[in-house]
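Please look through the sequence and the model below before reading on. The paragraphs that follow take up one part of the structure at a time.

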Amino acid sequence: MNAFGIRVLMKRFKAIKFMMADKSVPKRKKALIIFGIAYIFFPIDIIPPIFFPLSLIDDLCLWVFILWYLSSELDKYWLGGKSKDYSKKYRGKTFVDDVEYEVEE
């Protein structure tokens with residue numbers, strides 16, 4: 001798959017919202033996204049904001065790296081390969097509705 005096409009990067013960027021809402025995604029991957037968002041707003045950058053057009057390059061490079069690193073996880077959300085995980089929602093609950101059964105010894 002084309003990893004650096006503009007369309008692909010935009011679809012992966014839009015898939016972040018769904019990945020962050022999924023409880024089965026590891027916290028370290030969510031922390032990477034939060035770090036990327038925080039880096040945009042930090043006043044300390046690799047290239048200082050004095051060089052305005054060039055100062056956006058380090059933010060852009062960081063986000064391209066994040067999207068590339070999480071590409072396998074993000075592709076599950078916009079390609080339709082991720083099914084909803086109900087394991088945590090129903091953990092420890094035992095219920096059966098409208099089922100007839102018989103116990104044989």
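This is a predicted model: local features need pLDDT of at least 70, side-chain atom pairs count only at pLDDT 80 or more; totals for chains, interfaces and linings use all residues.

**A buried lysine and its surroundings**

At 16% relative accessibility, K29 counts as buried, because the cut-off for that label is under 20% relative accessible area.

Which residue forms a salt bridge with K29? The partner is E73, and the closest N and O atoms of the two are 3.3 Å apart. This pair links distant parts of the chain, since K29 belongs to helix α2 and E73 to helix α4, 44 residues apart. Is E73 buried or exposed? With a relative accessibility of 7%, E73 counts as buried. The structure holds one salt bridge.

The overall layout gives these helices their setting. The protein chain has four helices and zero strands, and along the sequence the pattern reads α-α-α-α. Of the 105 residues in the protein chain, 27% are buried. Among contacts in the protein chain with a separation of 6 or more, 62% are accounted for by residues 24 or more positions apart.

How many residues does the largest nonpolar core have? That core has 14 residues, and those with the most contacts inside it are I16, M19, I33, I66, L70 and L74. Two or more residues of this core come from each of α1 (6-21), α2 (27-41), α3 (52-69) and α4 (71-78).

Two of the helices can now be compared in direction. The axes of α1 and α4 come within 8 Å and cross at roughly 80 degrees. Angles of 65 to 115 degrees count as roughly perpendicular, and α1 and α4 are therefore roughly perpendicular to each other. Which residues meet where these helices come together? From α1 they are V8, K11, R12, A15, I16, F18 and M19, and from α4 they are S71, E73, L74, D75, Y77 and W78.

F65 is partly exposed, with a relative accessible area of 43%, and W68 is partly exposed at 44% relative accessibility.

How are the rings of F65 and Y69 arranged? Their centres are 6.0 Å apart and their planes lie at 25 degrees, so the pair is stacked; the label applies because planes under 30 degrees apart count as stacked. F65 and Y69 also both lie in helix α3, four residues apart, again about one turn of the helix. Y69 has a relative accessible area of 44% and is partly exposed. Together, F65, W68 and Y69 form one aromatic cluster.

Methods: Residues are numbered from 1 along each chain as its sequence is written. Side-chain values use heavy atoms; hydrogens and water are left out. A nonpolar core is a set of buried Ala, Val, Leu, Ile, Met, Phe, Trp, Tyr and Cys residues joined through side-chain atoms within 4.5 Å. Buried means under 20% relative accessible area, exposed over 50%, partly exposed in between (1.4 Å probe, protein chains only). A salt bridge is a side-chain nitrogen of Lys or Arg within 4 Å of a carboxyl oxygen of Asp or Glu. Rings of Phe, Tyr and Trp (its six-membered ring) pair if their centres lie within 6.5 Å; planes under 30 degrees apart count as stacked, over 60 as edge-to-face and the rest as tilted. Axes are lines fitted to C-alpha atoms, for helices over the stretch in contact, and angles run from 0 to 180 degrees between N-to-C directions. Angles under 35 degrees count as roughly parallel, over 145 as roughly antiparallel, 65 to 115 as roughly perpendicular and the rest as oblique. Contact means heavy atoms within 4.5 Å.
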